[in-house]
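Here are my notes on the model you sent. They go from the whole chain down to single residues.

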Amino acid sequence: MGEYFDHARYGICHTREVIRRGAPILRKSPAQELTADDKDVPIFIVGNGPSLDMSIPYIKENMSQAIVISCGTALMPLSKAGITPDFHAEIEQNRSTFDWCSRIGDTNYLKNISLLSCNGIHPDTCHLFKNVLIAFKDGESSTVSALNLLGEQNFEVLKHAFPTVSNLVCNLVSRIEFNNIYLIGVDLGFADVNHHHSKDSGYYDDSGQQLYDYAEKNNTSLIVAGNFRPTVNTKHEFKVSRQVIEQVTNEKNRSQVMYNCSDGAKIKGTIPLRLENILLTNTVSSKKVTIQKIQNSVFQPVVGKIDFPQMFDNQYSIDVLRDEFKELQNTVDSTKATAADIQKLLSTQKNILFNSYRSGKSLLFYLLYGTVNYANAFLSKMLASSDGSTRSLETLEKSLLLWKEGLENIAEDYFTRMNDYDSSSSFMNIRINKILQNLEVTHQVECIDNYPSETFRQAYLQLFKLPPCKSKNEGQPRELVIFGRVENNLQQLQHPNLKRIFIGSIGGKILCCITYPPLRTLLLAYIGIIGTNHY
């Protein structure tokens, strides 16, 4: 558990919410739920490598027999080809996955697909799909804090589900012990640095031009052995991804075979196989039976058996967390910029965290373990480089001050917005435009619950750029009522397009009544929830 504070806090918050919604979780020893025939059903793991472009016809022709799992940004090329995967997988816990999936522009398409992910997946992304199946990912604070309550003996923990979504799926299907696994478009490398992903994916515009210079943003100069050619270029993340898949192939059962059908990097432990040489012998009905078992038996929900949110809140007291956090802050605040004081601080900070972990009554350890370790390493380095001169002592004092301010910022942010989800985005404007292109004004959201105030604040900035309504009779105004968390003082904003709009705390919620259809439509597109009555 070495993740930084933001990753830990959002991972814990997302995990709590997704389990609350009833998402089934990968059970312990999941392979026991399948028969030998079930395990022989072929699995197509579809990545967004450049070779996906030439693989689309084969996937389309044989998808009735194989379980198709799209990985991350591979979903858009599949949708454009008229292919609906049986499962779609995402691994990132930030909200950018919501943007990428929404850019497909077809909410009905997504509602026909089951989402596979790790426990920290963003709740907004989950809502896009038909249903959600999650697996616990090793080394995450969100995993350890949840399993302390649910029991490690009840659920599988994936140890090789990083750094890419392809790693998650390879690890997952291997643990379920499927015997015939085909990597398609999982290139993890490229022969042409300008063709680094499928040309039909969100990395390119409609004319096939890159949305940004991928080679400039990523070091693509690494050379590795190719699967169907001598060498390919790659980047560091893909190199690590390949090495982690090789750990999976090294640990899999002897009956399991992983075929690399991608024109990318060579992966040890896999068998290079051209698509035209694949031989599928199972029936269409066997695939359907296996998918049903995955949905109903391999993954199991905990909702209905226990009240997880209540159990979570009872175990991890916010009052205890405040007290422990204050103890940590007081320790740092009372530390002077001397070698003896800082050396004592390094030890005391660790003790505060481990004491919290042993008591098990708060989230302090899970939230700050990685961050405190980083701060200790930083302060230790500053201490080691100090020679007693005035300049080095000033540097040491500045370092200590940065850590004090960092803790203050963490405390202020967390204790005022502890239930907020991550609000980062990727190509947000493209996502908004795509939704607007496919949205009818008649869509109406009556209530949206638990949205962070930042989402609304950014939405308002966009809303006020719209021109005023030309006519009082334009459109058929209908009220829209939205609820979301806010922290600001109550204030009313005036705008010619608004009947009334309040930003601020009204019983901890925000009330927004909009009667100008184009403006309301833009807000819905910005939030990204379309055609639902309650979320």
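1. What share of the 535 residues of the chain counts as buried? The share is 54%, where buried means under 20% relative accessible area, exposed over 50% and partly exposed in between, with a 1.4 Å probe and protein chains only. This is a predicted model, in which local features need pLDDT of at least 70 and side-chain atom pairs count only at pLDDT 80 or more, while totals for chains, interfaces and linings use all residues. Residues are numbered from 1 along each chain as its sequence is written, and side-chain values use heavy atoms, with hydrogens and water left out.

2. The chain has 20 helices and 17 strands; these are DSSP runs (helices H or I, at least four residues; strands E, at least two), numbered from the N terminus. Its accessible surface is about 23,800 Å², with 48% of that belonging to carbon and sulfur atoms (Shrake-Rupley method, 1.4 Å probe; for residues, only the protein chains shown count as cover). Of the contacts (heavy atoms within 4.5 Å) with a separation of 6 or more, 74% come from residues 24 or more positions apart.

3. The largest nonpolar core has 80 residues. Such a core is a set of buried Ala, Val, Leu, Ile, Met, Phe, Trp, Tyr and Cys residues joined through side-chain atoms within 4.5 Å. Helix α16 (residues 364–385) gives the largest share of this core, ten residues. A second, separate core of 46 residues includes Trp-100, Phe-190, Ile-267 and Val-298.

4. Tyr-182 is among the residues with the most contacts inside the largest core, together with Phe-44, Phe-136, Leu-150 and Leu-368. Not counting residues up to four places away in sequence, Tyr-182 touches ones including Pro-42, Phe-44, Tyr-259, Cys-261 and Leu-280.

5. The axes of helix α14 (residues 318–333) and helix α15 (residues 339–359) come within 10 Å and cross at roughly 175 degrees. Axes are lines fitted to C-alpha atoms, for helices over the stretch in contact, with angles from 0 to 180 degrees between N-to-C directions. The two helices are therefore roughly antiparallel, a label for angles over 145 degrees. Residues making the contact include Leu-328 and Val-332 of α14 and Leu-345 and Ile-352 of α15.

6. Asp-213 lies in the loop between β8 (180–184) and α10 (214–217). Asp-213 counts as partly exposed because its relative accessibility is 37%. A polar atom of the Asp-213 side chain lies 3.2 Å from the backbone nitrogen of Ala-215, and one lies 3.1 Å from the backbone nitrogen of Glu-216.

Definitions and conventions. A polar contact is a pair of N or O atoms within 3.5 Å; within protein, one must be able to donate a hydrogen and the other to accept it, and residues adjacent in sequence count only if both atoms are side-chain atoms. Angles under 35 degrees count as roughly parallel, over 145 as roughly antiparallel, 65 to 115 as roughly perpendicular and the rest as oblique.
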